[in-house]
Amino acid sequence: ACAVVMVLRLKNYLFRGNMSLFKAREWWSATAGYEEFHDIGCLCVGNIDNNPSNNDKIVVGSYKGLLRVYSPCAGAFTPAHLLIEINLNDPILQLALGPFISNSKGVHLLVLHPRRLAVHSLSVEKTELEDQYRLLKVYEHKLERTAYNMVHGPFGGVRDVKEGICVQSMDGQLSVYEEDVFSFARFLPNVLIPGPLCYVKKSNTMVTVNGEGKLEAYTYRALVGASSALSNQMKESKLPQSGKRLTSDWSINLGENALEIEVVNPKSWGTSNILVLGERSLFCCRDNGTLEWMMKLEYTPCCLHGYSVSAAKEDGERSVKYIVATHSNTLMVYDNMRMEWTAQVSHSPVAVRIGKFEGLKGVVVTLDEVGHVTCSYMGTDPSHFSPPTPQAREMNYEKLEKEYKELHKIVKESLKGSEVTPVRKQGVVTITSEVVEKPRVIMLSDGDHVSSGEGDSQQSRAAIQLCCEVMVELSTDHMISDVVLTVDTDQPLAVHPCIFRWNQIAAGDVNPITLTFVCTPNMLPAHTLAVVTVMYTLSQSAVAHPAITQHLITLPLSLYCRPVAPAKNAEHKVTIDTNCPPVSLFTLFPEFSVCDDETVPQNAIGFQLLPGAEVTLVVSKTSERYRLQSDCFEALALFEAELVKRLTQHYDES
């Protein structure tokens, strides 16, 4: 009896989502990009290339606008698994696959950007060495309002019609498109912030969660017959409007915000089930608004995916199967409210899907916030982690801290010898950078020309500017060809030259280049970073693979501003509290040191950006606080980020 009680307690502890004895068995994994961010709509799985084998592909989009298509195979990631990588130039909010072209039987890719909606097709060209993939834009729509999410389906409830697309904007407007034709737009009532949106085919309704925490359904017929979405000028004119007031078909009070809504459709019979993942609860209801059950969660969920609805059981209850991912890196498989399995994954997913790869069905595909894509399946291998046995003797914390500091000092000393440190290495190409010259003041006369990240711009007037030179070295371990190096910057920073080309680079060669960065006084800077991108072709085993490597250059702060006398008063102030002793500002910012001047206070330092905005940084003499102040609020952002970065580095080194 005692053993049974222990087993039940262990089961309840594990099923609360705290941990799992089992790990999801990794079948394939890859990393999509570097310092890119992804969210719940940035992953979709399907046969995007319409391959006759009907194997699924993984499509990943990021907020940087990069789209990648993977064809995973069992084992480690290789460049051949990446079918295509392309920059769409705008953040990717959501991806979807479907028949968005009526005269084509295959599926196409629907991509939602903040201000446009585009449909693409993936074409394949057969060659002797390997297949070449191209992404072709079929049509696109320009959006008048900033988009939030979208749904698609056979709107109107009629089969074999055009696939409709519905886009929800940040202010709650639904815009409906039928392929390349705009149909209508309607505003949803009671929308403070937009919520998750789904389309239920069985009942032909749009389901969302409004700002009051209510789950509401609107029939497509009601949307068509409601009054049109009007601009503010038309509302103020008080002209008569055509159509009825938009009202919901049914509503359920959830009492909390929703993270995701999933519709689980049966194959051929009955009504659909709607799963709503809240911040603390999980709800299941029918498409007619009947709440079947709700379950309180004892963990923090992050995403949901429903994948099966089976026939009614003997007690009349249908079996709805779904997966919930948690912020504790756990996948939890449910059958209604009963947990069937739980397994640990290596990252905290933001999106979960199920696909079929190489004939293997039921593969769980997860994507985390920074772009780790993993294909796994539920295995029975137990975790190798075993808790350490407690030590009976008391710990000498002073001795341990002393030993830690000595080891930390040895590590720091060993790293001081290298002047140029590789920041990133992907594949066989390594990029390093080093500032070889301190920023200096220059005068740009009429007719001078530099290239900036926002396109070429002519500085038509003479102005005081700052510039510095950076040495970038490109090296490789294997032979690469068709090498193109580009340098991307944001205004007010400009770089010359910004593009380099090599026909071929042999293994072991080091190619140094010198970049001249110029800071112009036309606008305020947002950061001190520049991005170096190298595109090349890697030949391995007589097969050529395109590849991309990126590297971040951190430019000196003195390139953007000059030291000035600190100001005593300012309109905008930001205070930063710390839990460590205050540090001298001239220790944090040695390049702006003016300690020889006795009239300048030692607890304050002033900066002047090239457009003229001044920022003062003050450290408290009695407390652990730092204060940034300026008459220009936008100018504080750069120095706040720089202060936090330098404080973190200082305390890590001490």
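Leaving aside neighbours within four places in sequence, which residues is His-120 in contact with? They are Leu-88, His-108, Leu-109, Val-111, Leu-135, Leu-136, Lys-137 and Val-138, where contact means heavy atoms within 4.5 Å.

This is a predicted model, in which local features need pLDDT of at least 70 and side-chain atom pairs count only at pLDDT 80 or more, while totals for chains, interfaces and linings use all residues. Residues are numbered from 1 along each chain as its sequence is written, and side-chain values use heavy atoms, with hydrogens and water left out.

His-120 lies in strand β8 (residues 116-125). Strands are DSSP runs (E, at least two residues), numbered from the N terminus. His-120 counts as buried because its relative accessibility is 5%; buried means under 20% relative accessible area, with a 1.4 Å probe and protein chains only.

Strand β19 (residues 273-278) is mostly covered, with 6 of its 6 residues buried. Asn-273, Leu-275 and Leu-277 point one way from β19, and Ile-274, Val-276 and Gly-278 point the other way. In a regular strand the side chains alternate between the two faces of the sheet.

Two strands pair if DSSP finds at least two bridges between them.

| Partner strand | Bridges to β19 | Direction |
|---|---|---|
| β18 (residues 258-264) | 6 bridges | antiparallel |
| β20 (residues 281-286) | 5 bridges | antiparallel |

On the β20 side, Leu-275 stands opposite Cys-284. β19 and β20 form a hairpin, with 2 residues between them.

Definitions and conventions
Buried < 20%, exposed > 50% of the residue type's maximum accessible area, 1.4 Å probe, protein only. Helix = DSSP H or I, 4+ residues; strand = E, 2+ residues; numbered from the N terminus.
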